[in-house]
Amino acid sequence: MSSAVDQMKENLVGALKLAAGKAVKQGIFQELPELPDFIIEVPREKDHGDFATNLAMLLSKEVHLPPRKIAGILKGCIDLQGLPVEKVEIAGPGFINFYLDPKWVLEILPEIVTLEDNFGRTDFGGGAKIQVEFVSANPTGLLHMGNARGAALGDSIASILSFCGYQVTREFYINDAGHQIELLGKSLQARYFQLLGRPAEIAAEGYHGEDIIETVKGFINLYGDSFLDTDEAERINELVDYTLKEKLAVIKETLLSFGVSYDVWFSEQDLHNSGIVKEIVDRLNSMGFLYEHEGALWFKAREFGVEKDEVILRSNGAPTYYATDIAYHFNKFQRGFDRIINIWGADHHGHVARMKGAMAALGYNPDALHVIIMQLVRLYRGGEIVRMSKRSGQYVTLEELIEEVGRDVARYFFVMRSADSHLDFDLDLARAQSNENPVYYIQYAHARICSILRQLDETGKKLPLPGADDLILIKEETELILARRLADFPEEVSMAARDLAPHRLTRYLHEVAGLLHSFYNSHRVISPDEKLSCARLLLVKATRIVLRNGMRLLGIQAPERM
RNA sequence: GCGCCUGUAGCUCAGGGGAUAGAGCGCCGGCCUCCGGAGCCGGGUGCGUAGGUUCGAUUCCUACCAGGCGCACCA
């Protein structure tokens, strides 16, 4: 599926290829093995036409003629029959600029309204199975800003990929096993003892947050002191079980209120129980990728381009986080995903190369595993950084953020920067209910269109969609620019999918909203001229669809009233 | 020391081998007897430094400088 814009580019590429062939045949150009990789671009400057190509400049070296001369020859040979090209000009160092009849773009409008929710959908992904794993926060606390950014990014990327023809699975990996859980268990036990009047200490690296006191109180309400003198393992097991259930439920609920839901919740403990971890260690061992050193079992990561070898089994026989993660990713590939996307915080970037190395060792294509590393989030309030420390339990949680700025604003702010850029989250701006706030700006455009349609409804007057002849009534500059930008939507979405970059969409939507506002302020949609009203109605309806579809991909509501 | 990310307008950030590098915020000045003023219009000599590749570099390469993050038998 290609958009009207792509279609036009393809037409021009075809015409240029034929023109070059013609020039060769006429002996003007020498024989060419093949045409260089030229592009058709949309010039930044309006004066440079609707489309431009660099073909002449690229050809210069091969046919030994100056670019402008080549451009002239191509211009003479090109056949533009059937295309809405009004004129062709040679400009600058040798660009060939194409100027189109403005109405070519208007044909997109009825198409948008017909496709409605599906406008922008493509088969870019070709049905490939793709998994997006994101957040995967430790179920030992509440979600913080890093998790929140991951949630917004992951969910939007998943939505975009799905809209672009991928079969998407959203997955949350629950770290409910391993060293951290042991620490949690010990800390819970200490709190349990303390609350029941028995002296106990929490280890320095344990969990000191206030929240687990509340959790243990809840546990005591349920079970009293019945675990006070039982076997330690049993006691800790029960405490951990109870706590993880409670914490995970809260995390799920918070994510749901953030508009994020998962297809799969994958438990690390299940991974251990099923024996995959052991199986993977054995497999790597039998392949000769492991060796013993100082009592531990090491993976020869260096054979796969990683800086140093890594411990797989500790000297106490326990698998490392790395070993478990290898098993997990092996399992992902075994489930048949063509591509696997992980979203990790910048503090995990050192993990990327060794995960890919392990996948290569197991015979999978490491490039099928794509890790998005997102940089850290800093909150600003009153121009000052909001200091946070997870250690002491002093940090702003996602719940609090949603409470303060609202879900839509939070989601927008988290994806409006590229993942590999640090994110400065301005709480004052996010909270502002005014034009300063880009989210309201976009939502306002949508609500404004709804308002127009509502008023029309109230008059009871029915305006039919304009016929092809009436489309040309759309001829004001603000209208044509808006329509032209609407036509870009499918390509914008595809590029967001290609780059796994939702921030492209936030910018695009902001721009479309701006164009709508400009148009709205300079021309009336509903006027005594019925034909013109119909045409403009089509334009705003199409705009509403693009805004709505775009916001949906970002998990932002498209309100009909504000 | 090694590795990854980032240095673009006063601030926060897009963009990216081409023709005059953009947006938001902030600041200044304008615009409604009319579909929502949460809006519109106008105001801008900025690509960290030095080399290299190229017809052409802000974009690609190298080095350097600056900031962030890693470099555990933690995750």
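## The three-stranded sheet

Here we have an open sheet of three strands in the order β14-β13-β15, with mixed pairing; two strands count as paired when DSSP finds at least two bridges between them. Strands themselves are DSSP runs of E with at least two residues, helices are runs of H or I with at least four, and both are numbered from the N terminus. The edges belong to β14 (384-385) and β15 (423-426), each with a single partner strand, so one side of each has no neighbour in the sheet.

Strand β13 (residues 377-381) runs parallel to β15, and four bridges join the two. Look for Tyr380, which stands opposite Asp426 in β15.

## About the model

This is a predicted model: local features need pLDDT of at least 70, side-chain atom pairs count only at pLDDT 80 or more, and totals for chains, interfaces and linings use all residues. Residues are numbered from 1 along each chain as its sequence is written, while chains are lettered from A and ligands numbered from 1 in the order in which they are written.

## Helix α8

Helix α8 (residues 232-257) has 26 residues, and at 1.5 Å a residue it should span 38 Å (1.5 Å times one less than its number of residues). Its end C-alpha atoms are 37 Å apart, which agrees. Just after α8, Gly259 takes a positive phi of about 85 degrees.

Buried residues in α8 include Ile236, Val240, Leu244 and Ile251 (buried means 20 or more other C-beta atoms within 10 Å of a residue's own, with C-beta atoms placed from the backbone).

Methods. Buried ≥ 20, exposed ≤ 12 C-beta atoms within 10 Å, placed from the backbone.
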